[in-house]
Amino acid sequence: MRALFLPPVVLLASMGVMVLLNRTAPLHELWGRPWSWLGGALLLAGIAVAQWHARLFKKLGTNINTFGDPGTLTREGLFRFTRNPMYLGFVASLVGLGITLGSVSPFVVPLAFGLLTHFWYIRVEEQALLQKFGGQYVEYQRSVRRWL
């Protein structure tokens with residue numbers, strides 16, 4: 001059951017909901033081309049950031065599963081600047097999709113995904129990291145912001 005709630009699965013479902021909202025209840029069109037193309041660039045950049053750090057986890061041999069045991073604590077890549085570059089990439093990709101779609105209603109989804117991530121996924125991960133790494137993780141929390 002937890003597999004259904006893994007962040008990449010929720011991300012893909014969120015993208016589907018955004019497209020559905022845009023087609024069935026767009027509310028108000030915000031902009032068209034060429035501005036919507038900027039959203040495509042943000043969508044791809046967000047996915048690239050998330051994939052870069054997923055590959056980093058694989059290279060380091062650490063667990064990427066939100067609900068699993070953390071393997072290592074890293075400050076490589078964007079982990080030097082944000083404790084959650086993969087989630088940041090996911091949210092950026094959803095905002096990019098919203099810009100690409102160009103109407104108001106899809107933007108409720110990145111907001112909901114961001115709140116879910118902030119109040120659930122990150123909390124679960126931070127508790128596991130604190131339990132495993134203790135003071136080392138507390139120092140990391142002090143020196144690196146959760147988002148940006």
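The legends below walk through several close-up views of this predicted model.

View 1. Helices (H or I, at least four residues) and strands (E, at least two) are DSSP runs, numbered from the N terminus. Read from one end to the other, the pattern is α-α-α-α-α. The C-alpha trace spans about 50 × 30 × 25 Å along its principal axes. Of the 148 residues, 39% count as buried; here buried means under 20% relative accessible area, exposed over 50%, and partly exposed in between, with a 1.4 Å probe and protein chains only. Among contacts with a separation of 6 or more, 79% come from residues 24 or more positions apart, where contact means heavy atoms within 4.5 Å. Residues are numbered from 1 along each chain as its sequence is written, and side-chain values use heavy atoms, with hydrogens and water left out. Because this is a predicted model, local features need pLDDT of at least 70 and side-chain atom pairs count only at pLDDT 80 or more, while totals for chains, interfaces and linings use all residues.

**View 2. Helix 3 packs against helix 4.** Let's start with residues 85–101 (helix 3) and residues 108–133 (helix 4), whose axes come within 10 Å and cross at roughly 170 degrees. Axes are lines fitted to C-alpha atoms, for helices over the stretch in contact, and angles run from 0 to 180 degrees between N-to-C directions. The two helices are therefore roughly antiparallel; angles under 35 degrees count as roughly parallel, over 145 as roughly antiparallel, 65 to 115 as roughly perpendicular and the rest as oblique. Helix 3 brings Y87, F90, V91, L94 and V95 to the contact, and helix 4 brings P110, F113, G114, T117, Y121, I122 and E125. By class, these residues are nine nonpolar, two polar and one charged. For that tally, Ala, Val, Leu, Ile, Met, Phe, Trp, Tyr, Cys and Pro count as nonpolar, Asp, Glu, Lys and Arg as charged, and the others, Gly among them, as polar.

**View 3. T117 sits in helix 4.** With 0% relative accessibility, T117 counts as buried. Setting aside residues up to four places away in sequence, T117 touches Y87, I122 and W147. Y87 also has a C-alpha atom 9.6 Å from that of P8, although the two residues are 79 apart along the chain. P8 belongs to helix 1 (residues 7–24) and is partly exposed at a relative accessible area of 45%.

**View 4. S105 lies in the loop between helix 3 and helix 4.** Is this serine buried or exposed? S105 is buried, at 9% relative accessible area. Its side chain reaches the backbone oxygen of L21 at 3.3 Å. Leaving out neighbours within four places in sequence, S105 contacts L21, N22, A25, P26 and L27.

**View 5. Helix 4 meets helix 5 at an angle of about 130 degrees.** The axes of these helices are 6 Å apart, and the angle makes helix 4 oblique to helix 5. On the helix 4 side are E126, L129, L130 and F133, which meet G135, Q136, Y137, V138 and Q141 of helix 5. The contact has five nonpolar, three polar and one charged residues.

**View 6. E126 forms salt bridges with R83 and R146.** A salt bridge is a side-chain nitrogen of Lys or Arg within 4 Å of a carboxyl oxygen of Asp or Glu. The closest N and O atoms are 2.7 Å apart for E126 and R83, and 2.7 Å apart for E126 and R146. Shared partners join R83, E126 and R146 into one network.

**View 7. K59 pairs with E76 in a salt bridge.** How many salt bridges are there by this rule? The count comes to three. Here the closest N and O atoms of K59 and E76 are 3.8 Å apart. K59 lies in helix 2 (residues 35–60) and E76 in the loop between helix 2 and helix 3, so the pair ties together parts 17 residues apart in sequence. K59 is exposed at 62% relative accessibility, whereas E76 is partly exposed at 35%.

Definitions and conventions: A polar contact is a pair of N or O atoms within 3.5 Å; within protein, one must be able to donate a hydrogen and the other to accept it, and residues adjacent in sequence count only if both atoms are side-chain atoms.
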